[in-house]
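Subject: Handing over the structure

Dear colleague,

I am passing on the structure below, followed by some notes on what was found in it. Please read them with the structure open beside you.

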There are 2 protein chains.
Amino acid sequence: MSTPSRRTSKKIYFGPPPGVTPGQRFKGHTELHAASVHRFRGQGISGTEHEGVDSIVASGGYAADRDEGNVVIYTAMGGSPDDDGHITEDQELVGRNAGLVLNEREGLPIRFVRGLNIRSGKARGGYEYAGLYLVEEHWSCRTERGHLMWQFRLVRDEGEVVPAGVAVEIDDDMTDLERATARFVTAQRRVRNTRASRKVKSIYGNICQICRIPVVVDGDGAPYSEGAHIQALGEPHRGPDVTSNILCLCPNCHVRFDNGALLITDDLKVVDGFTRELIGSLNVRYNQHRIGVDFLRQHRSRWADRSQGL
Amino acid sequence: MSTPSRRTSKKIYFGPPPGVTPGQRFKGHTELHAASVHRFRGQGISGTEHEGVDSIVASGGYAADRDEGNVVIYTAMGGSPDDDGHITEDQELVGRNAGLVLNEREGLPIRFVRGLNIRSGKARGGYEYAGLYLVEEHWSCRTERGHLMWQFRLVRDEGEVVPAGVAVEIDDDMTDLERATARFVTAQRRVRNTRASRKVKSIYGNICQICRIPVVVDGDGAPYSEGAHIQALGEPHRGPDVTSNILCLCPNCHVRFDNGALLITDDLKVVDGFTRELIGSLNVRYNQHRIGVDFLRQHRSRWADRSQGL
């Protein structure tokens, strides 16, 4: 029973490659495949639209990519990049690109492999397994030449293992690799709290500025809310952690806002990001809370494909 | 401007004590106070009901406490413990006990100090600053003698610092200590995802089993949902990571359920945890998803003060 199954390296699985540690080097795709790090030989991204992406081998095909170690800005597939890595057509959020969005929603980790000493799209120095990365955000923008480009921020995260003593569901038809990774837990969603977030939440008494529905969590009627950064923190958005860049939202509206399913116009109307229907107006206590229009514009521009004309 | 303000060690602040590293030893409360680790001399818990708890010095006053290093089960204040640390009256979720619930909601970190070589409630070996801990959960239970006891699970977490280059709000009236900790970010809420969670969410197509409202996050109409463990994972609940212990919920209902604002009866009715009003019935696809009644009972028993008679 402990002999690894032959099919383990072909079926999708999420989490750490058994026996491989971050920093470990590999000569090429064949070695990466044999070690169950990357299932697809010769392709940079492994996964599907409906299961998510389980591994990426980055070797510099797109000029807009950025690798800063623990943070990677990763450009979507497609768009017919030219020799300099500039896309020449619009990209679409389909196939494995849509799979990366699923990774973000579900917190599915990606085994990230970095090509070393890349020249002309070839990793002359071999490959390094960098560890597990989560998709923290995705957005679209227009390139200088006017093409729609989708990008993803990947952030390193080693995940957790279910504590010993906790029963884990094991099916009879699971492969050894699946059994080995069944205990693996990821953070599907992480809500960050800062001093400025707490200030905004207290201005609104934890009542969502969009739906105004209190998520009551204790007997005194105190609601729960979250501080949503309009222009996101971190690379590449670099939104500031100030009250004019933060909304007080319920968890449901927060998830919708962060995914561009809700957009906010300059005159503080809330609009459905897909149908562009007017949903309502943002509740704002103007004497205590000034909202930065530039931050709203930056948030809308992250959804370039759906915010035109707003 | 760089001289620390005199009042810094008296005002509440959250986050790491500047210049102090985990593992550092202190002789007693006076030293802990001087280093801005613990503001209250001679009291084990520092904070308020409406601001939260900023530090704890544990020195073994309650028999039900457990210290497993990175996980601590901490008993609430009050209840008139006897010499053996057993409470002799009901405890109430008021004052700093309620402050600990605020820590959980907001992700406010606690500077945790461990008494060393404790005998008869005295730390004969001095104190060790153990690091920052988050309140992951709270619950109530009845002791053997029938008294209501509140407990908290504290889990070690070092938090994050806002990335360099991100503007942080600095007020003119902030102390140097407040400026030093303004960049500190905590995780207010972390949603864990496991293989079993993903299975349950897919059974319900990501539609909340309680409110049935789809939290739509993409143009194809795909909703977002979370897997809620009924009997929580981890110490001391030790719920298993199996589908019969997991519900598919929207983020708002998930927060309510985890805080005991929603309870579920043996016959799968959803009840308001405070008013005990019937809210509706749980949507269950019986042919694909069996829900463990024992898990529902354990969840209700975590809210012993409000689930009697259900």
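Which residues of H5(A) are buried? Before the answer, please keep in mind that this is a predicted model. In H5(A), the buried residues are A:Pro251, A:Asn252, A:Cys253, A:His254, A:Val255, A:Arg256 and A:Phe257. This helix spans residues 251-258 of chain A and is mostly covered, with seven of its eight residues buried. Just after H5(A) comes A:Gly260, whose phi is positive, at about 70°.

To place that helix in its setting, chain A as a whole contains six helices and 19 strands. Its C-alpha atoms fill a box of roughly 65 × 55 × 30 Å along the principal axes. The radius of gyration of chain A is 21 Å, which agrees with the value near 19 Å that a compact globule of 310 residues would have. Of the 310 residues in chain A, 56% are buried, and among the contacts between residues at least 6 apart in sequence, 61% join residues that are at least 24 apart. The accessible surface of chain A comes to about 13200 Å², and carbon and sulfur atoms account for 48% of that surface. As for charge, chain A carries 40 positive and 40 negative side chains, with the centres of the two sets lying 3 Å apart.

Two residues deserve a look for their backbone angles. Most residues other than glycine have a negative phi. A:Arg238, although it is not a glycine, has a positive phi of about 55°, and A:Arg238 sits in the loop between strand S15 (226-229) and strand S16 (246-249) of chain A. Because its relative accessibility is 39%, A:Arg238 counts as partly exposed. With a relative accessibility of 11%, B:Leu268 counts as buried.

Finally, there is a strand pair in chain B. S15(B) runs antiparallel to strand S16 (residues 246-249) of chain B, and four bridges join the two. Within this pair, B:Gly227 stands opposite B:Cys248 in S16(B).

With best regards

Conventions: Residues are numbered from 1 along each chain as its sequence is written. Chains are lettered from A and ligands numbered from 1 in the order in which they are written. This is a predicted model: local features need pLDDT of at least 70, side-chain atom pairs count only at pLDDT 80 or more; totals for chains, interfaces and linings use all residues. Side-chain values use heavy atoms; hydrogens and water are left out. Two strands pair if DSSP finds at least two bridges between them. The radius of gyration is taken over C-alpha atoms; the globule rule is 2.2 Å times the number of residues to the power 0.38. Buried means under 20% relative accessible area, exposed over 50%, partly exposed in between (1.4 Å probe, protein chains only). Contact means heavy atoms within 4.5 Å. Accessible areas come from the Shrake-Rupley method with a 1.4 Å probe; for residues, only the protein chains shown count as cover. Lys and Arg count as positive and Asp and Glu as negative; His and the chain ends are not counted. The place of a charge is taken as NZ of Lys, CZ of Arg, CG of Asp or CD of Glu.
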